Amino acid sequence: MASTTPDIQRSRRAKNASRPGDRVFSGLSRGSGITLLVIMAAIAVFLTYRAVLAISKDSTNFFTTFEWNPAANPPVFGIAVLAFGTIVSSIIAMLIAVPVAIGIALFISHYAPRKLAKPLAYVVDLLAAVPSIIYGLWGAIFLVPYLDGLNKWLDQYLGWTYIFDKSSDGVARNLFTVGILLAIMILPIITNVTREVFLQVPKMHEEAALALGATRWEVIRMSVLPFGRSGIISASMLGLGRALGETMAVAVVLSPSFLISGHLLDPGGGTFAQNIAAKFNEANEFGRDALIASGLVLFAITLLVNGAARWIIGRRKEYSGAAA
């Protein structure tokens with residue numbers, strides 16, 4: 001009987017494949033995947049072509065120069081400051097947002113009563129739909145003035161760490177403020193995805209742990225978090241993607257400068273998206289090619305981050321399957 005089961009399954013698949021509806025759906029699915037790959041390849045070719053035109057005329061090293069002046073004669077521009085600002089602000093955002101998002105998701109899915117969980121989940125969903133320019137205006141008008149006191153406190157008590165040593169005066173328009181604002185922006189995205197993953201945990205696993213005498217936290221630690229680990233990683237990478245490419249909110253809050261400083265509380269810095277948004281309209285044709293070259297680097301960083309996330313998730317699935 002067991003030997004005939006694969007034959008039955010193959011005959012069923014062949015029968016289903018012969019149906020017109022299945023063939024149409026299969027063709028549409030395959031065409032959608034191919035279309036996506038073609039679009040990604042077209043974007044990569046366009047960015048690469050325009051970037052090569054700009055970099056070939058750059059009189060300095062594109063990756064290490066701390067200046068952005070494509071209109072100079074000869075042109076001088078580089079992405080060192082932009083790469084530093086983009087990566088640092090995104091790391092700050094992730095360090096703040098991921099633990100808080102996991103905590104909120106656990107509260108909504110396993111701790112909050114249903115009458116509170118539904119409105120709270122609705123509010124989180126609503127925050128994820130707020131446009132970035134609204135976050136930017138709120139950050140510039142409300143967040144920046146109120147973070148001035150936090151910056152002084154960090155400088156006073158944690159200035160010995162060098163990172164929080166405020167070496168110059170000025171309002172809190174720095175990478176630290178940008179990181180906090182980005183954390184607030186990506187928090188709803190990570191929370192929503194993580195919450196949905198936690199709600200998919202098999203109830204039998206949780207009930208079995210409770211039957212063995214586990215507390216609610218032990219159930220979460222032994223059943224919920226291991227089950228949702230790959231989902232947490234996926235949600236975090238989704239939030240990181242938005243943090244890396246955020247434009248308007250960063251452009252409104254940050255006071256840009258082409259200097260790299262380990263003092264996160266000092267005004268200044270820059271990101272790829274903010275620099276493109278600030279300089280694209282006033283740039284000439286060659287200047288736009290230079291901005292497109294910086295966009296190509298951001299495109300490559302995003303692909304690498306997503307590829308690393310997929311690799312991590314795949315490794316964890318293989319490990320889980322081997323352990324089972």
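1. Asp125 is partly exposed, at 35% relative accessibility; that class lies between buried (under 20% relative accessible area) and exposed (over 50%), judged with a 1.4 Å probe and with protein chains only. The model discussed here is predicted, so that local features need a pLDDT of at least 70 and side-chain atom pairs count only at pLDDT 80 or more, while totals for chains, interfaces and linings use all residues. Residues are numbered from 1 along each chain as its sequence is written, and side-chain values use heavy atoms, with hydrogens and water left out.

2. Asp125 forms a salt bridge with Arg195, with 3.7 Å between the closest N and O atoms; the term requires a side-chain nitrogen of Lys or Arg within 4 Å of a carboxyl oxygen of Asp or Glu. Because Asp125 lies in helix α4 (residues 114-128) and Arg195 in helix α6, this pair ties together parts of the chain that are 70 residues apart in sequence. Helices here are DSSP runs of H or I with at least four residues, strands are runs of E with at least two, and both are numbered from the N terminus. Arg195 is buried, with a relative accessible area of 7%.

3. Five salt bridges are found in a search of the whole structure. One of them joins the side chains of Asp148 and Lys152, at 3.5 Å from N to O, and because these two residues are four apart in helix α5, about one helical turn separates them. Asp148 is partly exposed at 23% relative accessibility, whereas Lys152 is exposed at 52%. Arg242 and Glu246 also meet through their side chains, at 3.6 Å from N to O, and Glu246 is buried at 7% relative accessibility. Through salt bridges that share partners, Asp125, Arg195 and Glu196 are joined into one network.

4. Leaving aside neighbours within four places in sequence, Phe176 is in contact with Ile92, Leu150, Asn151, Leu154, Phe164, Leu264 and Leu265, contact meaning heavy atoms within 4.5 Å. Asn275, in helix α11 (residues 272-279), is buried with a relative accessible area of 1%. Not counting residues up to four places away in sequence, Asn275 touches Trp68, Leu82, Phe258 and Leu291.

5. Helix α5 contributes the largest share of the patch, seven residues. Trp138, which is found in α5, is partly exposed at 35% relative accessibility.

6. The record should be read with some care. The unreviewed UniProt entry places the annotation "transmembrane region" on residues 33-56, 76-108, 120-147, 175-194, 243-265 and 290-309; the positions follow the numbering used here, feature names are shortened, and annotations may be inferred rather than shown by experiment. In the model, residues 76-108 are 88% helix and 6% strand, with end C-alpha atoms 52 Å apart, and residues 290-309 are 100% helix and 0% strand, with end C-alpha atoms 29 Å apart. The unreviewed entry in UniProt also lists residues 83-309 as "domain: ABC transmembrane type-1", a span that is 76% helix and 0% strand and whose end C-alpha atoms lie 20 Å apart.

7. Ser234 sits in helix α9 and is partly exposed, with a relative accessible area of 32%.
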